[in-house]
Amino acid sequence: MRKALIAALVAAFAAFIGHQYLKLIIITFALLCTEYGAEDITILRDGLAFISTGLHYPGGPSFSDEPGKLYILDLLHPKPKPVELQIKGELDLSSFNPHGISVYTDEADDSVYLFVVNHPQYKSQVEIFKFVEENTLVHLKTIIHPLLHSVNDIVAVGVESFYATNDHSFPNDALHLTVLLGLRWCEVVYYSPNEVRMAASGFLSANGINISPDKRYIYVADSIGHDVQVFERKEGEQLVFVKSVDLGSLCDNIEVDHRTGDLWLGCHPNGMKLFNYNPKDPPGSEVILIKSIHSEQPVVSQEYADNGKVIMASSVAARFEGKLLIGSVFHKALYCDLK
Ligand SMILES: [Ca+2]
Ligand SMILES: [Ca+2]
């Protein structure tokens, strides 16, 4: 009897440890630039991270009336500190409301372009900036198009071309009416100066989007569909569906490890807590890693989980060597050292 009790206690303890610490690869935290959200983060091959902060999402909580900002963080620095990016050009900064971001490096001259989804007055448009110095962006262009009506995230594939996700099937469908009805009406849109068209469809809510290191595949997180979908880029920027990988969580943005091709996703373990924000019962956070996504059996693992006590509503996880950055829709950002 006593042995059985001890065995049960050991099993319970192991289960507790397993639940709490199985994936405790993160050894330190530091809070970053914001307490008002870092919805999207992307990291260049040389360790420079771009961060979009201060999103006001229609119907979502927001803890600041300030306009959004963009930051840069040098992960090669022993003690990285976020620096606010100065924006030059015609853009109205008082209504700047940045959401998904993507970086494009022009291999012809190593110029770096930052593409930013912007929601001034809750509208959707895409801003293209050139990163010119340590902390300066020059605004080049604003793109507005009827097909780009509810843009969440974006992946740049040229100096003026990109794929973008719509997370609603109609403009201003803040209630997600078509989602409640189970209608897979959301789309991925391809944009170039010569051509704008629907490139993929059939999503409940298309959210994060990114590209493989060899640029052959596009990944799209269908947050309400609880999966990530893989598309192959064919000639003429045609997307051909390859497969979907179930994730069991509402996944938001996708970052791809340049070196390994692994996908890191910031996810929302409980959508109802996210959509009905209650500070006494906050939405939690979850970071999911997908390895070998192109193999017969992709490996999906939970790398971090939190009930909202440390970080609420994680929307992005971006890895660079031994560092992991975790951002959130409306809360903070974490800088983590990995074992
Ligand atoms: Ca992004
Ligand atoms: Ca997103």
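This is a short chat about the fold of one predicted protein model.

Visitor: What is the chain's secondary structure made of?

Guide: It comes to 3 helices and 25 strands. The model is a predicted one.

Visitor: How confident is the predictor in the chain?

Guide: The mean pLDDT is 88. Of the residues, 88% reach 70 or more.

Visitor: Where does pLDDT stay under 50?

Guide: Over residues 1-24. For that stretch the model has 3 contacts beyond four places in sequence.

Visitor: OK, the inside now. How many of the 339 residues count as buried?

Guide: The share is 43%. The largest nonpolar core has 85 residues.

Visitor: Which members of that core touch the most other members?

Guide: Phe-115, Ile-154, Val-220 and Ile-326.

Visitor: New topic. Which residue does the UniProt "active site" annotation cover?

Guide: His-99, according to an unreviewed UniProt entry. In the model, His-99 is found in strand β7.

Visitor: Is His-99 buried or exposed?

Guide: Buried. His-99 has 26 other C-beta atoms within 10 Å, and 20 or more is enough to count as buried.

Visitor: What does His-99 touch?

Guide: Beyond four places in sequence, His-99 touches Glu-39, Asp-40, Ser-52, Leu-55, Val-117, His-119 and Asn-152. Two of those, Asp-40 and Ser-52, are bridge partners of each other.

Visitor: Which strands do those two belong to?

Guide: Asp-40 is in strand β2, residues 40-43. Ser-52 is in β3. The two strands pair in the antiparallel sense over 4 bridges.

Visitor: How many residues lie between β2 and β3?

Guide: There are 4, and the two strands form a hairpin. Gly-47 in the turn has a positive phi of about 90°.

Visitor: Are the faces of β2 covered or open?

Guide: Both are covered. Asp-40 and Thr-42 are buried on one side, Ile-41 and Ile-43 on the other. In a regular strand the side chains alternate between the two faces of the sheet.

Visitor: Back to β7. What sheet is that in?

Guide: An open sheet of 5 strands, in the order β6-β10-β9-β8-β7, with mixed pairing.

Visitor: Why is one side of β6 and of β7 left without a neighbour in the sheet?

Guide: β6 and β7 stand at the edges, each with a single partner strand, so one side of each has no neighbour in the sheet. The twist averages 30° from one strand to the next.

Visitor: What about β9 and β10 in that sheet?

Guide: They run antiparallel, joined by 7 bridges. Phe-131 stands opposite Leu-137 in β10.

Visitor: Let's do β16. How much of it is buried?

Guide: Of its 6 residues, 5 are buried, so β16 is mostly covered. β16 has antiparallel partners: 4 bridges join it to β15, and 6 bridges join it to β17.

Visitor: What pairs with Val-220?

Guide: Val-220 is the bridge partner of Ile-209. In β17, its bridge partner is Gln-229. Val-220 is also among the core residues that touch the most other members.

Visitor: Which residues in the turns have a positive phi?

Guide: Between β15 and β16, Lys-215 has one of about 65°, in a hairpin with 5 residues between the strands. Between β16 and β17, His-226 has one of about 60°, with 4 residues between the strands.

Visitor: Buried or exposed?

Guide: Asp-110 is exposed, with 7 other C-beta atoms within 10 Å. Glu-321 is exposed too, with 12.

Notes: Residues are numbered from 1 along each chain as its sequence is written. Chains are lettered from A and ligands numbered from 1 in the order in which they are written. This is a predicted model: local features need pLDDT of at least 70, side-chain atom pairs count only at pLDDT 80 or more; totals for chains, interfaces and linings use all residues. A nonpolar core is a set of buried Ala, Val, Leu, Ile, Met, Phe, Trp, Tyr and Cys residues joined through C-beta atoms within 7 Å. Two strands pair if DSSP finds at least two bridges between them. UniProt positions are given in the numbering used here, feature names are shortened, and annotations may be inferred rather than shown by experiment. Two residues are in contact if their C-beta atoms, placed from the backbone, lie within 7 Å. pLDDT is the predictor's confidence in each residue, from 0 to 100. Axes are lines fitted to C-alpha atoms, for helices over the stretch in contact, and angles run from 0 to 180 degrees between N-to-C directions.
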